[in-house]
Amino acid sequence: MSQPFAYAFSTLGQWSEAVQDCVQQLLPVRPTANLGFVYVTDLYANRLTEMLAQLREQTGISEWVGSVGIGVCATGHEFLDESAIVVMLGEFPVGSFRVFAPVTAVDQVVSSLDGFGVHGQPAHYALVHGDARNPEIPELIQSVAAGMATGFVTGGISSSRFQSLQVADEVVHGGLSGVMFTDAITVMTRLSQGVTPIGPRHQVTASHENILISLDGRPALDVLYEDIGEILARDLSKAAGYIFVALSIPGCDSRDYLVRNLIGADTAERLVAISDIVPPAAEVLFCRRDAGAAQTDMLTMLQDLQTSLPATPRGAVYYSCLGRGESLFGAKSAELELIQQVLGDVPLVGFFANGEISHDRLYGYTGVLTLFI
């Protein structure tokens, strides 16, 4: 089981040629490979069923997971706004994994997943893909994670300008799908944030749904103005896409927080609106989008992961936010090259997501890396 996974990518414009190109790169397909990972850019979304059928036929692998994304990635490369497919073939012990179809409602999770069983064994970890059009996705993530012996899932929310599709042995949509693994499979996973705090944590002293009313007993907008400085405070429209709010997670260190968008402000009532419900007794931090901080955090995460590795990874999956990539790291593929720089030529595939999943939470502006050992 020490063989590295096989991976390939193609940017040929015709879908059938792109699949064939990947298959040629993968040949000879190892007869012991039994799970395929496939990610395609949304320009191929309407051909994903045919692409999957061709992959299944030409590799002989029947079980597949994956997603559509506006961008996809492979070892040292990222592909955004172009036709691209990335494929990885993994070898796992018989009976150690089970692909599951979309779960669309929280009250159906246990029954849909057969009590989280994997061929008679308990599930320890799951790799998942979600459909953003389902409003229960955050709760579905929590419910599936709660069924894992480790409490851990990783994955991403499909991103697409056309069809938001996932792969779970067939082309699917509408919920949370993926693959569950038993404890026969060792994985290591880490998360990297893409923003940096610009002020201290603030206690939410009054809120309503997604509205921050007061922080530390003061009007929320006054606290925001104080943290972001006079220039941005003069015109909040200039802060769009640059300033964010982070909801801290109780019991976690300051590096782990849920980044959400600022979506509005009421200058008369001194209120701030964010893109998520504010939980009771929350703490918030105002943050800025920062290329330097993102790169530093990424390198710290990768070096920490490298020093903890018990063996060379056989393969990896990486889910990065659409707000990262070239637009944050400054050059095409710079983010993926950082991973390659630290971990070497580990076979890796993934996509740029509309939300990243780590542990039992839905994040934003993060990169989530999972290694199969």
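Predicted model: local features only at pLDDT ≥ 70, side-chain atom pairs only at ≥ 80, totals over all residues.
**Entry 1**

I then checked its side chain and found a salt bridge with R201, at 3.3 Å from N to O. R201 sits in the loop between β16 (195–197) and β17 (202–208), while E283 belongs to strand β23, so the pair ties together parts that are 82 residues apart in sequence. R201 has a relative accessible area of 30% and is partly exposed.

**Entry 2: other salt bridges**

I noted 14 salt bridges in the structure. Side chains of opposite charge can pair when their charged atoms come close.

One of the pairs I looked up is R161 with D81, at 2.7 Å from N to O. R161 is in the loop between β11 (152–157) and β12 (166–168), D81 is in the loop between β5 (77–80) and β6, and the two are 80 residues apart. I read 44% relative accessibility for R161, which makes this residue partly exposed. For D81 I read 51%, which counts as exposed, since the limit for that word is over 50%.

I also looked up D360 and R361, whose side chains form a salt bridge at 3.6 Å from N to O. D360 is partly exposed at 22%, whereas R361 is buried at 18%. The limit for buried is under 20%, so the two residues fall into separate classes.

Which residues do salt bridges with shared partners join into one network? I found D42, D81 and R161 in it.

**Entry 3: strand β20**

Is strand β20 (residues 243–248) largely enclosed or left open by the rest of the structure? I found 6 of its 6 residues buried, so the strand is largely enclosed.

Next I looked at its pairing. β20 runs antiparallel to strand β23 (residues 283–289), with 5 bridges between them. In that pairing, F244 has C287 of β23 as its bridge partner. β20 also pairs with strand β21 (residues 257–266), again in the antiparallel sense and over 5 bridges. There, S248 stands opposite Y257.

**Entry 4: cysteines**

I looked for disulfides and found 0. C287 is in none, and the nearest cysteine sulfur, that of C321, is 14 Å away. A disulfide needs the two sulfur atoms within 2.5 Å. C287 has 0% relative accessibility and is buried.

C321 is in no disulfide either; its nearest cysteine sulfur belongs to C73, 13 Å away. C321 is buried too, at 8%.

**Entry 5: nonpolar cores**

In soluble globular proteins, nonpolar side chains tend to be buried together. I looked up the largest nonpolar core here and noted 27 residues. Those with the most contacts inside it are F37, Y39, F92, L127, F181, V317 and F372. Several strands each supply at least two residues of this core, among them β2 (35–41), β7 (97–103), β14 (176–181) and β24 (315–321). Apart from it I found another core, of 25 residues, including A18, C22, I61 and I85.

Note on methods: Residues numbered from 1 in each chain as written. Heavy atoms only, no water. Core = buried A, V, L, I, M, F, W, Y, C linked by side-chain atoms within 4.5 Å. Buried < 20%, exposed > 50% of the residue type's maximum accessible area, 1.4 Å probe, protein only. Helix = DSSP H or I, 4+ residues; strand = E, 2+ residues; numbered from the N terminus. Pairing = 2+ DSSP bridges. Salt bridge = Lys/Arg side-chain N within 4 Å of Asp/Glu carboxyl O.
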